[in-house]
Amino acid sequence: MTAAQDTAVDEVAAAIEAAVARWSDRLLELSHSLHREPEIAFAEFRSCGKITALATAAGFTVERGVGGLDTAFTATYGAGELTVGFCAEYDALPGIGHACGHNVNAAAAVGGALALAEVADQLGLRVKLVGTPAEEAGGGKAILLREGIFDDVAIAMMVHAGAQDEVGGSSLAMTQLTVRYMGKPAHAATAPWEGVNALDAISIAYHAIGLLRQQLEPGVIVSFIVTEGGQAPNVIPAQTAAAVEIRAKTLAQLRRTQSRVQACLQAGAIASGTDLTVATCGEEFADLLQDDLLTGAYVRALQRLGRTPISRAGEHIASTDMGNISQVIPAIHPTIGYDVGGAAHHTAEFAEHGTSPSADAAVLDGAAALALVGAEIGLDSRQRTRLNNRTSSSCREQ
């Protein structure tokens, strides 16, 4: 890189950092407000309103209710030929609020978009902030991807709250099933032979899946709970229900496992004489593919901000619908770290740390880092060529 290029990079980076500083009060207010009023999947109406109000104030063009989802939105700025996408997720968990830090995730994504907008015209970029509801349950990103909301996006980025700065990790592909067996009631003491026991079906399926586990491929997880087991002990259960969750390292592995699980469920129906219904609950999540070149840019951005991330390359951690996007669009989904007191995700203790000074620093550093990645791409002609060659036809249903 020439001295002139170095100077250009430094000037753009300084402008981005200044923009984050200028918006810092509003970004932290947003993070705290989302945390104070948590909303669950597909019901994030206040959260969506807060974010779109800030985007509108920053001069973005906002469209709400995109992709058929009432609490999804897009906010765009600039007219460049390369569109940089930021994913804001803002749903919380039932009963324990923002126990996965989505208030931090959302505020950082918003801040990244606002900061990159500061230099978008200079760099020939278009900034697109996408409000993606229902990551915890439902898979809003997968729905929006299928509905074409990301067709014009060249790269997609977000940061996720966590205990430390991490890059490069993958996630597990996941699907959730609802299972129902229908039988026939009968008096359990006087005429049990007249009944068709739906609880027998659940029992057989549960044990069949338990036996299957010893032959599952490494990294595959199958979880099973009974959600309905009958109404009274003196009545042969005519209807029972269960929930099954399957996770695997890849979509192909997930689908192989699902076929085996389906056979176990069918075994319960055959042996008991019941009727079986299986339905997918929400969207199928794909495994996360983190783009190496974007990851490298993000690491450099964090280092500029005084942070040193840990590489999690080759590891599969949890599940996210950002995986669906990453299958068709170059993407990153790093973890931005702050002090969580040793608490694990999805606990009330984790949520308690979501508005601490350390979490606030993560919001601002995450925003700056994402914007710096977008700027580095904008300044790199080879990367622009790579990304401009990605056409909307590559956006396929996941």
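**Figure 1. Glutamate 376 is found in helix α11.** The model shown is predicted: local features need pLDDT of at least 70 and side-chain atom pairs count only at pLDDT 80 or more, whereas totals for chains, interfaces and linings use all residues. Residues are numbered from 1 along each chain as its sequence is written, and side-chain values use heavy atoms, with hydrogens and water left out. Helices (H or I, at least four residues) and strands (E, at least two) are DSSP runs, numbered from the N terminus. Glutamate 376 is partly exposed, with a relative accessible area of 28%; here buried means under 20% relative accessible area, exposed over 50%, and partly exposed in between, with a 1.4 Å probe and protein chains only. Apart from neighbours within four places in sequence, glutamate 376 is in contact with Ala297 and Arg300, contact being defined as heavy atoms within 4.5 Å. Between glutamate 376 and valine 127, the separation is 249 residues in sequence and 14 Å in space, C-alpha to C-alpha.

**Figure 2. The largest nonpolar core has 71 residues.** A nonpolar core is a set of buried Ala, Val, Leu, Ile, Met, Phe, Trp, Tyr and Cys residues joined through side-chain atoms within 4.5 Å. The members that touch the most other members are Phe60, Phe86, Leu116, Leu129 and Tyr298. Helix α11, spanning residues 357–379, gives the most to this core, with twelve residues. In soluble globular proteins, nonpolar side chains tend to be buried together.

**Figure 3. The contacts of leucine 129 are shown in close-up.** Neighbours within four places in sequence are set aside, and the contacts of leucine 129 are then Ile51, Phe73, Thr74, Ala75, Phe86, Ala88, Ala109, Val110 and Ala113. Both leucine 129 and its contact Phe86 are named among the core residues that touch the most other members.

**Figure 4. Threonine 132 occupies the loop between β4 and α5.** Strand β4 covers residues 125–131 and helix α5 covers 140–146. Threonine 132 is buried, with a relative accessible area of 0%. When residues up to four places away in sequence are not counted, threonine 132 touches Cys87, Ala88, Glu89, Tyr90, Lys141, Leu144 and Phe150.

**Figure 5. Asparagine 103 and alanine 19 are two buried helix residues.** Asparagine 103 belongs to helix α3, residues 102–117, and has a relative accessible area of 0%. Leaving out neighbours within four places in sequence, the contacts of asparagine 103 are Ser31, Leu34, His35, His98, Gly354 and Thr355. Its C-alpha atom is separated by 14 Å from that of phenylalanine 45, 58 residues apart along the chain. Alanine 19 lies in helix α1 and likewise has a relative accessible area of 0%. Alanine 19 touches Ala115 and Glu118, with residues up to four places away in sequence not counted. The C-alpha atoms of alanine 19 and threonine 83 are 64 residues apart along the chain and separated by 20 Å.

**Figure 6. Phenylalanine 42 and histidine 346 have positive phi values.** For phenylalanine 42, phi is about 65° although the residue is not a glycine. Phenylalanine 42 sits in the loop between α1 (3–36) and α2 (45–57) and is partly exposed, with a relative accessible area of 35%. For histidine 346, also a residue other than glycine, phi is near 65°. Histidine 346 lies in the loop between β14 (335–337) and α10 (348–351) and is partly exposed, with a relative accessible area of 41%.

**Figure 7. Glutamine 215 is an exposed loop residue.** The loop that holds glutamine 215 runs between α6 (198–212) and β9 (221–228). Glutamine 215 has a relative accessible area of 59%. From glutamine 215 to lysine 128, the C-alpha to C-alpha distance is 45 Å, and the two are 87 residues apart in sequence. For context, buried residues make up 55% of the 398 residues in the protein chain, and the secondary structure comes to twelve helices and 14 strands. Among contacts between residues at least 6 apart in sequence, 80% join residues at least 24 apart.
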